Amino acid sequence: MTIGVLLVDDHTVFAETLAAALKTNADIAILGVANTSTDGLEKATALKPDVALLDVMLPDYDGIELARRVRTASPETKVVMLTGETDPALFAKAMAAGACGYLIKESSLGDVTDAVRRAYAGQVVVPDKAVSRLTQAQAPPKGVGSDLTDRELEVLGLLAQGKDAKTIAKSLGITWHTARSYLKTVLMKLDAHSQLEAVAVATRLGIIGRPK
Amino acid sequence: MTRRPDPAETVRTVLHELRSRVGAIRLAVTTLQTNTSDEELMKSLLATADRETLRVSMEMVAVTALVTCLTDRSAPRSFDIGHALRNAVTLTERVGGRATLGRGSKAIVRARPRGFESALSSLMQLVADVDGETIVSVSTKNGAVTVKLARPDGSHAPGGSLVKNLLAGIGATQIPSDAGLVFRLEGVSP
């Protein structure tokens with residue numbers, strides 16, 4: 001099994017170094033490298049990569065809009081933002097645009113490789129270090145998430161640890177369907193569009209502690 | 001005089017570039033730590049880490065000059081660009097860079113002086129890059145002063161937000177050119 005990856009970053013040295021570094025993994029193949037959103041979308045449409053690593057700040061239009069367009073043009077492609085931007089608002093926008101992960105540029109090769117593999121496996125990807133930089137402590141909510149039950153909080157806590165529905169079901173001794181149902185309720189109560197966004201919202205609002 | 005950029009947005013943009021360089025260094029180092037046996041890749045990653053570290057260092061000095069320019073609230077005044085360029089060349093040499101003041105003419109420009117020479121020095125270093133040299137020349141025409149910073153081989157000068165913002169910071173207007181970094185400053189007729 002080889003995971004096909006597309007890189008979109010306007011910083012040539014970073015993109016070239018990342019491509020060379022990722023190639024050292026036998027299970028990862030670099031399908032293409034683009035320096036603009038326009039080129040990135042063309043390559044994503046043509047190559048249908050398994051995972052697209054996108055910068056946010058790109059010269060023509062931003063990486064969040066690109067994430068949205070890539071998800072439309074190639075729905076099977078998992079989008080992970082890889083950027084120097086640590087603004088929590090951008091993080092939330094990326095999640096709403098369909099990204100399943102958010103990495104900061106100072107990540108190690110191990111972090112990026114792990115993110116590619118986990119995104120490919122359908123998991124939510126935000127390394128612990130990134131979460132602490134991307135979320136900001138705010139006053140407890142008066143509305144959003146305040147009606148989460150103890151069981152839903154347990155599910156949320158496991159989600160924050162990077163566990164998927166199957167693992168959550170196993171951990172709590174419930175069926176996969178029940179775990180999925182809890183996850184849907186958690187997303188609805190947090191007004192989140194993805195599991196990653198749910199973790200981000202819950203962490204930012206202080207509903208759960210920052211993942212260890 | 002061109003309008004100066006918003007400091008917060010400028011710093012955000014410039015830091016984005018710096019983070020990309022730091023990111024490339026971290027990727028190179030952490031890949032080397034995986035004990036890759038590909039000798040060519042190892043050499044290339046070591047060269048990347050070395051070069052990008054020098055560039056980050058150079059760009060951090062440039063950011064300092066940029067912030068000095070952006071926070072200068074004083075009124076523009078007239079001064080000799082030749083004198084400012086000579087001081088900028090000295091600053092460049094002091095940090096190990098190479099710049100030569102070539103063809104030039106005595107000209108008076110109107111600009112904010114604070115950070116001006118440091119910004120010029122940073123522009124010289126960015127054009128020269130890590131191990132190159134910058135040739136500086138000045139010309140005047142129709143009341144405007146044009147400065148050209150070029151590599152001896154005439155290769156393309158760098159772009160990027162740092163160069164763009166440094167130029168805006170000193171009130172210069174960039175003139176598109178394939179043979180170096182060319183910009184115009186408001187001149188004062190003798």
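Biologist: What makes up the secondary structure of chain B in this predicted model?
Modeller: Chain B has five helices and seven strands. Helices here are DSSP runs of at least four residues, strands of at least two.

Biologist: In what order do the elements of chain B run?
Modeller: From the N terminus on, α-α-β-α-β-β-α-β-β-α-β-β.

Biologist: How do you know that the radius of gyration of chain B agrees with a compact globule?
Modeller: Set the value against the rule: a compact globule with 190 residues would have a radius of gyration near 16 Å, and chain B has 18 Å, which agrees. Along the principal axes, the C-alpha atoms of chain B fill a box of roughly 65 × 35 × 30 Å.

Biologist: What share of chain B is buried?
Modeller: 38% of its 190 residues. To count as buried, a residue needs 20 or more other C-beta atoms within 10 Å of its own.

Biologist: What share of the contacts in chain B with a separation of 6 or more comes from residues 24 or more positions apart?
Modeller: In chain B, that share is 79%.

Biologist: Which helices of chain B supply the side that touches chain A?
Modeller: α1 (7-32) and α2 (39-70) of chain B each give at least two residues. In total, 20 residues of chain B are in contact with 15 residues of chain A. The largest share on the chain B side, 13 residues, comes from α1(B). By type, that side divides into seven nonpolar, nine polar and four charged residues.

Biologist: Turn to chain A. Why is chain A called as compact as a globular protein of its length?
Modeller: Chain A has ten helices and five strands. Its radius of gyration is 17 Å, and the globule rule gives 17 Å for 212 residues, so chain A is as compact as a globular protein of that length. The C-alpha trace of chain A spans about 45 × 35 × 30 Å along its principal axes. Buried residues make up 50% of chain A.

Biologist: Why are α8(A) and α9(A) called roughly perpendicular?
Modeller: The axes of α8 (residues 165-172) and α9 (residues 176-189) of chain A cross at roughly 110°. Roughly perpendicular covers 65 to 115 degrees. Therefore α8(A) and α9(A) are roughly perpendicular to each other. Their axes come within 8 Å.

Biologist: Which residues meet where α8(A) touches α9(A)?
Modeller: A165(A), K166(A), I168(A) and A169(A) in α8(A) meet W176(A), T178(A), A179(A), R180(A) and L183(A) in α9(A). The residues of this contact divide into six nonpolar, one polar and two charged.

Conventions:
Residues are numbered from 1 along each chain as its sequence is written. Chains are lettered from A and ligands numbered from 1 in the order in which they are written. This is a predicted model: local features need pLDDT of at least 70, side-chain atom pairs count only at pLDDT 80 or more; totals for chains, interfaces and linings use all residues. Axes are lines fitted to C-alpha atoms, for helices over the stretch in contact, and angles run from 0 to 180 degrees between N-to-C directions. Angles under 35 degrees count as roughly parallel, over 145 as roughly antiparallel, 65 to 115 as roughly perpendicular and the rest as oblique. Two residues are in contact if their C-beta atoms, placed from the backbone, lie within 7 Å. Ala, Val, Leu, Ile, Met, Phe, Trp, Tyr, Cys and Pro count as nonpolar, Asp, Glu, Lys and Arg as charged, and the others, Gly among them, as polar. The radius of gyration is taken over C-alpha atoms; the globule rule is 2.2 Å times the number of residues to the power 0.38. A residue is buried if 20 or more other C-beta atoms lie within 10 Å of its own, exposed if 12 or fewer, and partly exposed in between; C-beta atoms are placed from the backbone.
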